Amino acid sequence: MFRPLELFIGLRYTRAKRRNQFISFISTVSIVCIAISVTALITVMSVMNGFDSELRTRILGAVSHVTVSGIDDTVQNWQTAVKTAEGTKHVLGAAPYVETQAFLQAKRPSGALIRGVVPSMEPNVSDLDKHMVEGKMADLTDRSWKIILGRELALTLGVNVGDKLTVVVPQFTATPMGAVPKLRSFTVSGIFELGMQEYDANLALVSMPDAERLNGLEGPTGIRIKLDDMRQAWPVAQQLVNKLGQAYRVETWMDTHANFFRAIDMEKTVMFVILSLIILVAVINLISMLMMLVTDKQADIAILRTLGSTPRSIMGMFMVQGILVGVVGIGFGVLLGGLLSFNLPAIVKWIEHVTGQTFLSPDVYYISELPSQLLWSDVGWVVLVTFIFSLLATLYPAWRASRTQPAQALRYE
């Protein structure tokens, strides 16, 4: 009539009766602890994924996926190299550039990285044009001697759009007074803000022809390439090496930022392991609850054994209750974790608005807003780990129940 019997009796034991009110309370506590642990793990993993995604997007929005440079100071026949790169699989766009360190002088001095770009081609390889606060990249025309600054760099220099500043580059000119560095006056035509201190405080853009004249070059110092999948950077680099030959040097974002992103992946793994231990602690409540239940149900176990139940059947009855508590806790945890992960940025903004405190200051961190990205693969791993812990937690109490001797259990009944 009641099949399977182990499932039927296990579900009956989960209901609160006169003799197991306290055990029912412990079961509720176990469910709550597992749910909170799962919620915490899913939320933390989502935040780590958000940081990883934001950093990759912002860093690789200013740094190319693949960079082609010449053996000498400049890239020869760069137009041919650009066409070759654009004809390679997975390449979305390519653009030449000139890059050099410079000293900027306005109301206050500051060092910066000057990048000469072609405004019509730069959107093919970077997102800087999408982060313009004032002005537009198209203003960087040949011989315009205009410059676009990061917001933090503009604040450091004390300039705004329309102001002038002096750029000094490490190119020396011989004069009767000796060698003097080469300098040029530029007009600030725009300001961008990527939201990353590294670039907002250290990067300035000029037109590529102006950068070539300023540095005494006759071509770009390299070609920046954007891919449809950053994970294909190494295979694409190998293809470009074979196509372009030995006169060019090819580097990928992995060569310059691999350790940074590897560290983020390591932190994510470590956080998963640490928070998994929190789940293990929550599961200990489940062991305590099942041990008390086994002690409370000694007479019932003895009667069932007398009626013909096997030790395996008895073990299954108690495993059903333990697994049920784990599954319910996992279900609530996944629900709460998903809701919290999706709404975490809005919640943090509301807390910042109420308290007046900024959690992520752009002066200190790469990102000024708390990101969150929920990956269902991470949720699957959390569910799997928690379920395995819950299953293992039921084994010993259920085994103890299966070892109950009917005569000894009924002796004092």
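Start by selecting Arg115: with 5% relative accessibility, this residue counts as buried (buried is under 20% relative accessible area, exposed is over 50%, and partly exposed is in between, using a 1.4 Å probe and protein chains only). Before you go on, know that this is a predicted model, where local features need pLDDT of at least 70, side-chain atom pairs count only at pLDDT 80 or more, and totals for chains, interfaces and linings use all residues. Residues are numbered from 1 along each chain as its sequence is written, and side-chain values use heavy atoms, with hydrogens and water left out.

Helices (H or I, at least four residues) and strands (E, at least two) are DSSP runs, numbered from the N terminus. Glu99 is partly exposed, at 31% relative accessibility.

**Into the core**

Which residues have the most contacts inside the largest nonpolar core? Select Leu104, Ile147, Leu149, Leu165, Val167 and Ile225; the core they belong to has 63 residues. Such a core is a set of buried Ala, Val, Leu, Ile, Met, Phe, Trp, Tyr and Cys residues joined through side-chain atoms within 4.5 Å. E2 gives the largest share, 6 residues. Domain 1 (5-59 + 260-410) and domain 2 (72-246) both contribute residues, so the core lies between them; the domain bounds come from an automatic or database domain assignment.

Zoom in on Ile225. Leaving aside neighbours within four places in sequence, its contacts (heavy atoms within 4.5 Å) include Ser64, His65, Val91 and Leu240. A second, separate core of 21 residues includes Leu275, Ile330, Leu374 and Ala393.

**Along the helices**

Trace helix H8 (residues 253-296) from end to end. Its 44 residues reach 63 Å from first C-alpha to last, close to the 64 Å expected at 1.5 Å a residue (the expected span is 1.5 Å times one less than the number of residues). Stop at Asn259, where H8 bends by about 40°; that is the angle between axes fitted to the seven residues ending there and the seven starting there.

Next, find Gly338 in helix H10 (residues 311-355). Gly338 is buried, at 9% relative accessibility, and touches Ile42 and Leu374, not counting residues up to four places away in sequence.

**Two loop stops**

Finish with Asn77, in the loop between strand E1 (66-70) and helix H3 (78-86). Asn77 has a positive phi of about 50° although it is not a glycine, and is exposed, with a relative accessible area of 56%. Then select His90, in the loop between H3 and E2. His90 is not a glycine either, yet has a positive phi of about 80°.
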